[in-house]
Amino acid sequence: MKCADGFRSRDVTAPLVEEIGRSLERPVRIMEVCGTHTMAIFRHGIRSLLPEFITLLSGPGCPVCVTPTNHIDLFLAAADQESVTIATFGDLIRVPGSRGSLAAARARGARVEIVYSPMDALTLAQGEPQRTVLFPAIGFETTAPTIAATILAAEQMGIDNFVIIDAGKTMPRALDELLADPDLRVDGLLCPGHVSAIIGSEAYRPLADTHRLACAVAGFEPADILAGLLSLIRQVNEGSPGVANCYTRAVTAEGNLRARQLINQVFEPVDSQWRGLGIIPASGLRLREQYHRFDGARRLDLAVQPAQEPKGCRCGEILKGRMLPPDCPLYGTVCTPLQPIGPCMVSNEGTCAAYFRYGGGSREMKTGGLD
Amino acid sequence: MDTFISLDHGSGGLASQNLIGNLFLKYLTCPQLRDLEDCAVLGEYAGRIALSTDSYVVDPLFFPGGDIGSLAVHGTINDLAMRGALPLALSLALIIEEGFSLADLERIIASVARSSESAGVAIVTGDTKVVPRGKADGLFINTTGIGIASHRHDISGTKAQPGDAVLLSGTLADHGITIMGAQASIDIGGGIQSDTQPLHRLVGALLEEDTGRIHVLRDPTRGGLATTLCEIARASAVDIVIEEERLPIRPAVETACELIGLDPLYLANEGKCILVCDRDGAEEILQTMRRMPEGRDAALIGWVGEGRRGRVSLTTRIGGSRLLEPLTGQPLPRIC
């Protein structure tokens, strides 16, 4: 038996589902921040088990989805250079920028390779010293430590043809900004398990205090998610919101100190543009000055025009939890996983892709019984 | 002898003849092929003629459990078998990139020969072309198969009926995860390898006893189980309900899929079939499948419902429900 089996067994989940039903005293709105949560909720059919008075909103926790067009354009500009190989996470290659995607660039002859870790990109650079290997460093606190470790490894090994574009983001500041929006009316936050393993559950304490918001850190198995939801509902009922850690097998109060130290060693906070949310102060990660030689934008002299977000695309509203995918005029008609307009449709973990894949493609089917 | 394929090997001249004589005919020994005629003439057979073609471009060419050669033989045999046809013979056409290793080519032809011999379906005609370096990716193979479908059966993706049972002949996603792992240089472990194997004997055994209870046979190759079920549901205008806890998936495959961020329901299989049959006959058919090595892990995985909307849904382990859509685009690994 695998260790995950217990968290997927109906013997464990059915009592949780019942308890959620019994505990619910009024309609609640809960935002699941993380794209992996969004996917897991769909994949296990969790919505179909919950009372209809629980509304689940998907937040800005899909790294591909919050990467603005400007950054995609930078990756594309790098791909245009003859001597550059782009080594990227698979999710990113279909995201459209102002002029096509990395997949389209590859079809035109650019070198675009899919890697599973930044270390793979470094290995690629080592094997092809005559080319520059560029890794688009998107992602949250979960991917940042590995990227930092890769930069340090490149430095130690003296590998000079490996660069990144520092497009990383950090979570709590963005949530703070988002939750300041009075229209959102969120009662509770299902906090991302992976990110929390790095930053620790206490990182949400200021959010809980400032916004009087129930927070629960949860893992990604059905029992984890249901336990997180139950904790949030109880906190709402008791009128005493705080931070509950329902993922103690991976998350501690203070997080992974070594990983946090790695991030701090290589990166510093910078104002960062989030797709749909605009510029959020100190919510991005920029290479510190002593690592500027790994900065692809400098090394390759990349510059792009300010970009417009795609016309009609409502990814911004969806990322803010203000709109559900079927409410977007492009959803399922011009914007589909095969021909995505907005990033929420491209990434495996994007809210629109999750709705489309697990809910059925048509608008009419989607709107029934969603929340 | 040369060590690499050159353009001369595809010229039709002496180098071509040497390649055919010294390499291909060394392994492929069917009399029709040996005579090097322009086409093969087969014997007389009663029944309806079944014809199928498929091209193989798998990367890497060699992978745990098989290679492009065995895949090219099994894939086309299985396409014939999925209409209830008895495969008779195969063609083998190669497009080779200049500079391809002759030793690798020999390994692949030996594998083609081994697979065709053990399946009892001969390669009776062939063709070889060489294209300049950079115009192909090493080696592409096309095989075309011819077979005979008896009048007794009418197996088709359009024949699923409300109330039918849905069976699967074995574990899911072994081939897909092996190839994705090999492409990403990830060692999946757990002894996972491609499931490439011919299914015509399994199908033959099932049809021999069958009295019209088997309605649909399909091999869930590219797009995986989910996409193939969607095709059947749409073609037959029926709803299909699959139960997650009944799906046979090896633990190592499931773990690897979770690590890389892939859904085993959408990964390719190269030696499995979906079978839709009368509910009453399901148990007996399942027992027949399990008696054959190809069907050892066969399972009943779901039912055709009463609805007629062409939808496929999955009842999850925790009792939830979700729709299964066909695969769009390539399966991409997720970022975190």
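Predicted model: local features only at pLDDT ≥ 70, side-chain atom pairs only at ≥ 80, totals over all residues.
Residues are numbered from 1 along each chain as its sequence is written, and chains are lettered from A and ligands numbered from 1 in the order in which they are written.

For chain A as a whole the mean pLDDT is 90, with 95% of its residues at 70 or more; for chain B the mean is 93, and 97% of the residues reach 70 or more. The complex receives an ipTM of 0.77 and a pTM of 0.86 from the predictor.

Chain A is divided into domain 1 (5-56 + 171-245), domain 2 (65-170 + 256-299) and domain 3 (315-367), with bounds that come from an automatic or database domain assignment. The C-alpha centres of domain 1 and domain 2 of chain A are separated by 31 Å, and eleven residues of domain 1 of chain A are in contact with 14 residues of domain 2 of chain A. On the domain 1 side of this contact, helix H8 (171-179) and helix H9 (193-199) of chain A each supply at least two residues, and H8(A) gives the most, with six. By class, that side has eight nonpolar, one polar and two charged residues, counting Ala, Val, Leu, Ile, Met, Phe, Trp, Tyr, Cys and Pro as nonpolar, Asp, Glu, Lys and Arg as charged, and the others, Gly among them, as polar.

A helix pair in chain A can be followed residue by residue. Ala144(A), Pro145(A), Ala148(A), Ala149(A), Ile151(A) and Leu152(A) in H7(A) meet Ala259(A), Leu262(A), Ile263(A), Gln265(A) and Val266(A) in H12(A), a contact with ten nonpolar, one polar and no charged residues.

Chain B is assigned domain 1 (7-149) and domain 2 (165-324), whose C-alpha centres lie 28 Å apart. Their contact takes 20 residues from domain 1 of chain B and 21 residues from domain 2 of chain B. Helix H3 (68-81) and strand E4 (85-97) of chain B each supply at least two residues of the domain 1 side, the largest share, eight residues, coming from H3(B). That side of domain 1 of chain B has twelve nonpolar, seven polar and one charged residues.

Between the chains, 21 residues of chain B are in contact with 35 residues of chain A. Helix H8 (251-260) and strand E13 (321-324) of chain B each supply at least two residues of the side of chain B that touches chain A, and the largest share, three residues, comes from E13(B). By class, this side of chain B has nine nonpolar, eight polar and four charged residues.

Technical notes: pLDDT = per-residue confidence, 0-100. Contact = placed C-beta atoms within 7 Å. Helix = DSSP H or I, 4+ residues; strand = E, 2+ residues; numbered from the N terminus.
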